Amino acid sequence: LGEFVLVERSIEMHCAPGGAEKALIPEADLILATERADFLVAGELDEAGSAVVVQLAVFAAGRRCIHAAGPLRSGELADMRLDWLGEVVNATGVNADPTAAVSGYGTDELEAYRLYCLGTDPRHGLIERLALLEQSVEADPNFTEAWLALADSLEEMTDTAGVREVLEELMARRPGLAEGHYRFALALRRDGEQVAARTQAERITEDDRSAHAHYLSGLVFTALEDPARALDRFATALEGGSTRWRLFAAQAECFFAMGQHRAAINSWQTALDVEPEATELLGPLALAHYRLGEAGQSELLFARAQEQCPNESSTHRALGTWLQDEGRHEEAIVTLSRAIELQPDDALLHNNRGFSRFEQGDLDGARKDFLAALERIHHGELPFYMHLNLARLDRGDHRLVEASRLLVDGGEAVRDERSFDAIASLQAAISIFPESWKSWLFLALAYRQQSQWTRVADALSEVLKLRPDHASALSEQALA
């Protein structure tokens with residue numbers, strides 16, 4: 001249906017949801033204007049003795065489009081909610097039928113639904129909401145919405161082990177659920193289990209071939225630093241009719257990561273056409289224009305970004321990168337410090353600020369930033385570069401240049417099956433820069449040519465310490 005905003009507050013609507021069809025509702029008009037929305041869905045849930053009564057209305061441009069009311073009944077609850085969903089969709093005029101996609105999420109148990117509604121009410125404290133949601137899944141262990149809400153609440157508590165446990169239970173009950181595989185994949189990635197996360201990313205679209213499932217899969221592959229596979233999933237989602245601005249924005253990030261700056265610009269611009277309020281995209285868009293040498297357009301967009309979204313980390317991240325490219329490291333440090341204030345757990349921001357501090361001669365500050373970056377990320381390609389930056393501080397650029405030369409020599413020797421030469425070069429490279437997983441991987445390949453399987457396994461162990469997500473190293477180690 002498009003993008004939704006959940007307004008987590010209670011609003012007294014003096015004329016709503018009851019009243020005459022097409023009556024003017026000033027409160028609805030105010031909310032529509034404030035949120036810049038096309039439609040407003042307003043609802044009220046009351047407990048009357050043992051009954052739960054719902055009133056529902058959809059508003060557009062100050063008029064009521066539909067109104068529904070009635071007591072909820074066990075055994076018919078899921079069908080009643082799906083019927084109301086159909087009425088909401090019809091009221092918007094959107095040609096879509098989302099009922100199939102959500103039909104497995106609900107419950108027919110009234111008590112489970114009542115507890116779920118109370119457990120997602122923001123007026124209750126987090127501990128109380130957790131207890132209510134736990135009671136909800138006990139009342140109906142197959143209530144998908146309640147399981148997902150319980151995972152969200154545990155995430156809010158930063159109980160990562162609890163989130164994993166809930167998602168594993170959900171996937172055991174609902175194998176093939178795209179949203180479940182998506183959430184589970186992100187949880188695994190956060191815990192450094194990259195290979196398992198990739199498996200879950202593939203599972204998202206195995207049983208669900210919808211555009212939305214491909215979109216979710218693309219988001220996971222983006223997080224896994226696999227832009228090519230993410231772009232493939234996004235393309236399928238677009239072919240399936242998805243027009244989310246966030247899809248275009250994620251697609252742009254992947255194009256940018258692959259150096260396809262013109263394609264990135266086109267996707268970011270499309271995202272802004274779909275959602276003009278997504279001003280957090282202006283900074284990255286400005287940086288893409290800069291990378292193509294379009295300085296005038298870049299400066300205009302950076303100025304707009306600083307004016308319209310000064311509190312978005314994406315604005316300061318992109319501006320900091322531009323300043324670094326320009327060699328203006330003192331200004332970059334100020335800008336990146338602001339980005340870190342807004343997003344303190346972003347490893348790349350700490351790494352980038354460390355680079356500028358290094359260029360300014362602040363070696364202690366650079367070391368603190370590089371170490372802070374490593375504390376925040378333990379998987380993917382980024383830790384390699386953070387180790388590299390620390391090695392620059394400890395060993396100097398000239399030594400790293402020598403390590404790089406030895407790695408190239410060793411790699412060429414492996415290719416030419418000159419295993420003794422390869423081992424000598426790669427061992428020398430590792431003695432200078434032992435944090436290079438690539439050197440260890442080539443060393444394993446060289447030992448394999450000599451059938452020294454114990455040394456192959458040892459070298460691959462070092463690869464996996466540095467890159468635990470390296471799938472081919474895992475399979476080679478098993479072979480060794």
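**Close-up views of a predicted helical chain**

Ser242 is buried, with a relative accessible area of 12%, where buried means under 20% relative accessible area, exposed over 50% and partly exposed in between (1.4 Å probe, protein chains only). The structure is a predicted model, in which local features need pLDDT of at least 70 and side-chain atom pairs count only at pLDDT 80 or more, while totals for chains, interfaces and linings use all residues. Residues are numbered from 1 along each chain as its sequence is written, and side-chain values use heavy atoms, with hydrogens and water left out.

**View A. The whole protein chain.** The protein chain has 25 helices and 3 strands, these being DSSP runs numbered from the N terminus (helices H or I, at least four residues; strands E, at least two). Its C-alpha atoms fill a box of roughly 85 × 55 × 40 Å, taken along the principal axes, and 47% of the 480 residues count as buried. Among contacts (heavy atoms within 4.5 Å) between residues at least 6 apart in sequence, 49% join residues at least 24 apart.

**View B. Ser242 in the loop between H11 and H12.** Ser242 lies in the loop that runs between H11 and H12, and, not counting residues up to four places away in sequence, it touches Ala211, Ala237 and Leu247. Ser242 and Ser210 are 32 residues apart along the chain, and their C-alpha atoms are separated by 9.5 Å.

**View C. Helix H11 and its buried side.** Helix H11 (residues 227-239) has 13 residues and reaches 18 Å from its first C-alpha to its last, close to the 18 Å expected at 1.5 Å a residue, the expected span being 1.5 Å times one less than the number of residues. Buried in H11 are Ala230, Leu231, Arg233, Phe234 and Ala237. They cover an arc of only 165° around the axis, which puts them on the same side of H11; the arc is that of the directions from the helix axis to the C-beta atoms. An α-helix has 3.6 residues a turn, so residues three or four places apart point the same way. The buried residues of H11 pack against helix H9 (194-203), helix H10 (211-223) and helix H12 (245-257).

**View D. Helix H7 with H6 and H8.** The 14 residues of helix H7 (residues 160-173) should span 20 Å at 1.5 Å a residue, and its end C-alpha atoms are 20 Å apart, which agrees. In H7 the buried residues are Gly162, Val163, Arg164, Val166, Leu167, Leu170 and Met171, and the buried residues of this helix pack against H6 and helix H8 (178-190).

**View E. Ser153 within helix H6.** Ser153 has its place in helix H6 (residues 144-156), where it is buried, with a relative accessible area of 4%. Leaving aside its neighbours within four places in sequence, Ser153 is in contact with Leu126, Arg129, Leu130 and Leu133.

**View F. Gln360 between H18 and H19.** Gln360 sits in the loop between helix H18 (347-359) and helix H19 (363-376), and is partly exposed, with a relative accessible area of 42%. Residues up to four places away in sequence not being counted, Gln360 touches His329, Glu330 and Ile333. Gln360 and Arg173 are 187 residues apart in sequence and, C-alpha to C-alpha, 55 Å apart in space.
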